[in-house]
Amino acid sequence: MKPTIAPYPLGRFRRARQSEAIRSLVRENTLTVDDLIWPVFVRDGEGVEEPVPSMPGVVRRSVDLIAKAAAEAQAMGIPAICLFPYTDPSLKTQDCAEAWNPDNLSNRAIRAIKQAAPEIAVMTDVALDPYNINGHDGYVVDGKIVNDETVEALVKMTLAQAEAGADIIGPSDMMDGRIGAMRQALEAAGHHDVMILSYAAKYASAFYGPFRDAVGASGALTGDKKTYQMDPANSNEALRLIERDLTEGADMVMIKPGMPYLDICRRVKDTFGAPTYAYQVSGEYTMIQAAAQNGWIDGEKVMLESLLAFKRAGCDGILTYFAPQAATLLQG
Ligand code: PBG
């Protein structure tokens with residue numbers, strides 16, 4: 001249906017913009033606390049909170065303080081928290097066995113959060129990079145990232161996380177066939193309600209730089225991730241990947257990074273109508289923070305505008321390091 005527009009001066013678009021009351025009546029999209037997933041970094045120790053230099057305002061917390069932060073997030077109404085471990089370099093190995101250790105940092109944090117904040121949904125990351133001596137998301141054999149052996153490891157990692165109490169598993173590795181393998185293993189183990197939010201369209205992006213510092217993977221990483229993460233030039237491929245992951249049993253899908261890929265968000269939502277999320281990644285966060293710290297932009301306004309853009313592009317929610325600040329502002 002094509003809406004009818006009266007010619008000027010019978011039609012004046014500015015009538016609908018004249019006051020906040022009228023603007024709020026005609027507003028097409030809204031950002032609320034319900035839209036936020038908060039990614040956090042976990043480290044070992046107790047009572048430790050350590051700044052991440054390349055992500056101003058972001059810290060790595062020990063398990064006890066992660067639990068406390070989760071309780072605060074729950075009180076603010078943030079529906080989900082997503083865990084990323086900063087793993088001690090001495091635990092990084094060729095076989096990445098720490099990834100499915102039931103007592104690794106991430107699994108201890110899941111249990112602590114479940115105790116301290118039983119209402120908040122706990123999301124995890126599934127990929128080998130925090131545990132891999134060469135910083136890759138998959139096993140490296142003769143200089144190549146091997147797919148099927150990696151999937152077997154990711155399944156073990158998934159089951160350990162589900163066992164620890166994770167609500168939402170977030171495979172960020174981009175191997176082929178992992179969603180189906182993980183879903184079947186979860187079903188077989190009786191974890192029927194554990195959800196999978198697939199990082200289905202994850203691009204080989206330079207915007208992940210600060211995150212790799214935060215999880216201590218920058219130094220370890222050899223080469224790039226272009227043989228498994230997507231080419232930023234592609235759009236149809238994203239739709240095919242999303243469709244593939246949905247048919248393998250993903251409950252929700254993600255596009256990553258966020259703001260440079262809003263066109264993908266829109267296509268995905270229009271094509272599949274599935275629960276669709278975007279990850280406003282570390283580099284996006286850091287650009288906004290850096291400009292705001294220099295007084296070059298209004299940090300709070302840019303933050304809220306950037307998050308609203310995801311809603312307008314069709315996303316149901318956003319993973320964002322701004323979650324607590326945005327929640328505070330949104331609740332006035
Ligand atoms: C790794 C992973 C990455 C991010 C989430 N999971 C980085 C990468 O693929 O190298 C990036 C998040 C961010 O930049 O905020 N599996």
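1. Buried means under 20% relative accessible area, exposed over 50%, and partly exposed in between, with a 1.4 Å probe and protein chains only. By that rule T158 is buried, because its relative accessible area is 1%. T158 sits in helix 4, residues 147–164. Helices here are DSSP runs of H or I with at least four residues, strands are runs of E with at least two, and both are numbered from the N terminus. Contact means heavy atoms within 4.5 Å. Setting aside neighbours within four places in sequence, T158 touches V126, I169, M182 and L186.

2. A word on the basis. This is a predicted model, in which local features need pLDDT of at least 70, side-chain atom pairs count only at pLDDT 80 or more, and totals for chains, interfaces and linings use all residues. Residues are numbered from 1 along each chain as its sequence is written, and side-chain values use heavy atoms, with hydrogens and water left out.

3. Next, the cysteines. A disulfide is a pair of cysteine sulfur atoms within 2.5 Å. The whole structure has zero disulfides. C82 is in none, and its nearest cysteine sulfur, that of C315, is 16 Å away. C82 is buried, at a relative accessible area of 0%. C315 is also in no disulfide; for C315 the nearest cysteine sulfur belongs to C265, at 3.6 Å. C315 counts as buried, with 3% relative accessibility.

4. Which residues does V52 contact, leaving aside neighbours within four places in sequence? They are V58, V59, R60 and A214. V52 lies in the loop between strand 2 (49–51) and strand 3 (59–62). V52 counts as buried, because its relative accessibility is 2%. From V52 to A204 is 152 residues in sequence and 22 Å in space, C-alpha to C-alpha.

5. Last, a helix pair. Two packed helices are described by the angle between their axes and the distance between the axes. Axes are lines fitted to C-alpha atoms, for helices over the stretch in contact, and angles run from 0 to 180 degrees between N-to-C directions. Helix 10 (residues 299–312) and helix 11 (residues 323–330) have axes that come within 11 Å and cross at roughly 95°. The two helices are therefore roughly perpendicular; that label covers 65 to 115 degrees, with under 35 roughly parallel, over 145 roughly antiparallel and the rest oblique.

6. On the helix 10 side, E300, M303, L304 and L307 meet Q325, A326, L329 and L330 of helix 11.
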